[in-house]
Amino acid sequence: MQKPSCAEADQRLLAALRDCGTDPRVAAAARALSRAGEHGALWLAAGLAAAAVDRDRRGAWLRGTALVAAAHLASMGVKRVVRRPRPQLPAGEPLVRTAGRHSFPSSHATSAAAAAVAYGALRPAGARLVPPLAAAVCVARLVAGVHYPSDIAAGALLGGVTARAGAAWMRKPLEGGRG
């Protein structure tokens with residue numbers, strides 16, 4: 001038996017996960033998570049809310065939120081260069097509409113991974129709560145049928161690297177005030 005190519009494996013895994021969306025409850029969850037993660041909204045709102053509540057780390061939360069936004073913008077820039085079309089599955093229409101027609105890298109995965117790294121570094125609760133929710137957002141994009149697994153992996157890598165690169169800046173105390 002011949003080993004499948006990376007593109008074939010990508011397609012097969014996507015088809016298997018998209019099939020999970022035939023369950024109405026799974027489809028509803030995938031839609032909700034996809035909508036929440038659109039343009040990084042979930043993660044940006046979470047960072048701003050944490051900045052409002054956690055006064056001792058307000059500056060760090062704001063810088064972490066800026067890192068999430070920067071990662072998201074970076075993914076949009078890469079999309080414009082790569083221009084990989086969204087998946088076309090024989091099983092039917094995607095479960096959600098998309099803001100653009102290009103899929104690589106997944107901006108949802110980029111902002112989710114950036115939030116997991118950045119916010120996880122600020123609070124133990126963030127390290128426990130954000131990564132599973134970020135993973136759920138990533139899987140939702142596959143179940144929705146709008147990304148290949150390699151789009152998700154590349155987006156998660158881009159987001160994680162972006163947030164990790166800014167970690168020292170994020171934790172730097174504000175001059176003349178609180179962190």
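Residues are numbered from 1 along each chain as its sequence is written, and side-chain values use heavy atoms, with hydrogens and water left out. Because the model is predicted, local features need pLDDT of at least 70 and side-chain atom pairs count only at pLDDT 80 or more, while totals for chains, interfaces and linings use all residues.

**Exercise 1. Describe how α5 packs against α7.**

Step 1. Helices (H or I, at least four residues) are DSSP runs, numbered from the N terminus, as are strands (E, at least two). Helix α5 covers residues 107-120 and helix α7 covers residues 149-165.

Step 2. Axes are lines fitted to C-alpha atoms, for helices over the stretch in contact, and angles run from 0 to 180 degrees between N-to-C directions. The two axes come within 7 Å and cross at roughly 35°.

Step 3. A crossing is left-handed if the near helix is turned anticlockwise from the far one by less than a right angle, and right-handed if clockwise. The crossing of α5 with α7 is right-handed.

Step 4. Contact means heavy atoms within 4.5 Å. On the α5 side the contact residues include Ala 109, Ala 113 and Val 117, which meet a set in α7 including Ile 152, Gly 155 and Arg 164. By class, this contact has nine nonpolar, four polar and one charged residues (Ala, Val, Leu, Ile, Met, Phe, Trp, Tyr, Cys and Pro count as nonpolar, Asp, Glu, Lys and Arg as charged, and the others, Gly among them, as polar).

**Exercise 2. Classify the orientation of α3 and α5, and then that of α4 and α7.**

Step 1. Angles under 35 degrees count as roughly parallel, over 145 as roughly antiparallel, 65 to 115 as roughly perpendicular and the rest as oblique.

Step 2. Helix α3 (residues 41-53) packs on α5 at about 25°, with the axes 9 Å apart; the pair is therefore roughly parallel. Their crossing is left-handed. Trp 43, Leu 44, Ala 46 and Gly 47 of α3 meet Ser 111, Ala 112, Ala 115 and Tyr 119 of α5.

Step 3. For α4 and α7 the angle is about 140° and the axes are 9 Å apart, so these helices are oblique to each other. The contact joins Leu 67, Ala 71, Ala 74, Ser 75 and Val 78 of α4 to Leu 158, Gly 159, Thr 162 and Ala 163 of α7. These residues divide into six nonpolar, three polar and no charged.

**Exercise 3. Locate the cis peptide bond and the non-glycine residue with a positive phi.**

Step 1. Most residues other than glycine have a negative phi, and most peptide bonds are trans.

Step 2. The cis bond joins Phe 104 and Pro 105, with omega about -5°; Pro 105 lies in the loop between α4 and α5.

Step 3. His 39 has a phi of about 55° and is placed in the loop between α2 (24-37) and α3.
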